[in-house]
Amino acid sequence: MVTQPTLLLRGPSLVDRIDPRVRVLAAVVFSIVTALLSSLVALGLALACTASLAMVSGLRLAPAARRLAGLNGVMLLLAAVVPLSVEGTALFALGSWTWSREGLLLAATIALKANAILLAVLVLLATLDLVVLGHALHHFYVPEKLVHLLLFTVRYIDVLEQEYGRLREAMRLRAFRPGLSSHTYRSFGYLIGMLLVRSVDRSERIVAAMKCRGFQGKFWLLDHFAMSWADAWFGAAAVAVVIGMIVLQWRA
Amino acid sequence: MASLIEFENVEFNYGPARPVLRDCSFALAPSERLALLGANGSGKSTLLRLAVGLLHPRAGRIAAFGQPRAVERDFHEVRRRAGMLFQDSDDQLFCPTVAEDVAFGPLNLGKPRDEVRRITAETLRNVGLEGYEHRITYRLSGGEKRLVALATVLAMQPEVLLLDEPTAGLDEASSQRILQLLARLPQAMILVSHDRDFLGRIATHRLRLSEGRLLPADHE
């Protein structure tokens, strides 16, 4: 299920006061620049800035830590494997395997980048209601079809899940127990097939209902976004951080 | 005065083996509330869908608001002036919040945003859902969903209401709420329902669909 954005924050937050469009733009620019950097100092600044933003905006520790833990599991694996394949000063060796210092540094850069980007996305984007995010993307001329796809997914994922739950329950009530048998595979095949058929049916009824209310292919948004001073301050800070990162990289 | 919706010898089938409507004729007069009875699968919903052009007849003529209606273009105006309530509210409510869903129709009609906001608030007040603007539609109860669906239809200020089982699957209290609301509305209606008590208190005429034919059922 989709996590409720409000669950990520401890109460009202600073980020709520920033225009969704500014948040999307800041997250995208920051992510791209961070992904291109290679200097450890610049990346350290990036991570420090996103971490302080996370703290100031009151990001809840538990859900954020869960996501970071998932990412850093992969990073540990990288730290173990990457130094093997990068040539350089040997740190230590085990038989014919040598771990290089350069490789370890490379793994550290990757980990810094990944953590900084994930934190930025968590604070700036994951805290946005998906619907608001859809509308913000619309303002950036993201193709309307993609925005509609996002909005409809948000709305109907729950209905589909309920439908799946009902079918699954009906199966269970007739003593279905999944196992390693062709009967199980066939039954799950039927279940998925039936879900698809019902989704297509439902989508046709939804389009019919929309047509009945005068839909002719264009969505009109009820709410408009408004810029404020908070956006200007946040925007200026974000620009300063990105420029700082680039300068540090250039001097390194 | 001319009838609002008129079927003349309409025939329809979903395939050669499944005739649904045969030679159906009826007319809905202004302020008339026509009840449509019939067994499951007898074609009641099909008839409503034909009236707003979601389906097209194999033979016969359909007229609405004094004009013959045949092709998709003709029905754009019909859909604006005839509001249809679907059987399953989950099909009808697709916006994340109640206010956006109620506003969807009026925005499609090209009304300015301020007016849309006013219409939305007023319609929600009329159906007794004041303060529901920012509720998430998929988390509403079945009864609330039906009321919001009705609000989305009423927000377009239709002249005719086509209601496909408006109280199906609702508990007693929610049914009563819908019933009282509909009884207050001035619009002409075509009502599909199995609830005899409900129809008895609302309908002014009754027709029964049986084996694809429309029969008068006022004595039932």
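Two strands pair if DSSP finds at least two bridges between them; strands (E, at least two residues) and helices (H or I, at least four) are DSSP runs, numbered from the N terminus. This is a predicted model, where local features need pLDDT of at least 70 and side-chain atom pairs count only at pLDDT 80 or more. Residues are numbered from 1 along each chain, and chains are lettered from A.

**Exercise 1.** Find the residue that stands opposite B:L209, and place it in its sheet.

*Solution.* 
- Step 1: B:L214, in β10(B), stands opposite B:L209.
- Step 2: β9 (residues 205–210) of chain B pairs with β10(B) in the antiparallel sense, over four bridges.
- Step 3: Both belong to an open, mixed sheet of six strands ordered β6-β7-β8-β3-β9-β10 (chain B).
- Step 4: β6 (82–85) and β10 (213–216) of chain B each have a single partner strand, so one side of each lacks a neighbour in the sheet.

**Exercise 2.** Describe how chain B meets chain A: how many residues are in contact, and how many salt bridges are there?

*Solution.* 
- Step 1: Counting heavy atoms within 4.5 Å as contact, 32 residues of chain B touch 28 residues of chain A.
- Step 2: There are four salt bridges between the chains, each a side-chain nitrogen of Lys or Arg within 4 Å of a carboxyl oxygen of Asp or Glu.
- Step 3: A:R202 forms a salt bridge with B:D91, with the closest N and O atoms 2.9 Å apart.
- Step 4: α4 (98–108) of chain B is among the helices that supply at least two residues to the side touching chain A; the largest share, eight residues, comes from α4(B).

Definitions and conventions: Side-chain values use heavy atoms; hydrogens and water are left out.
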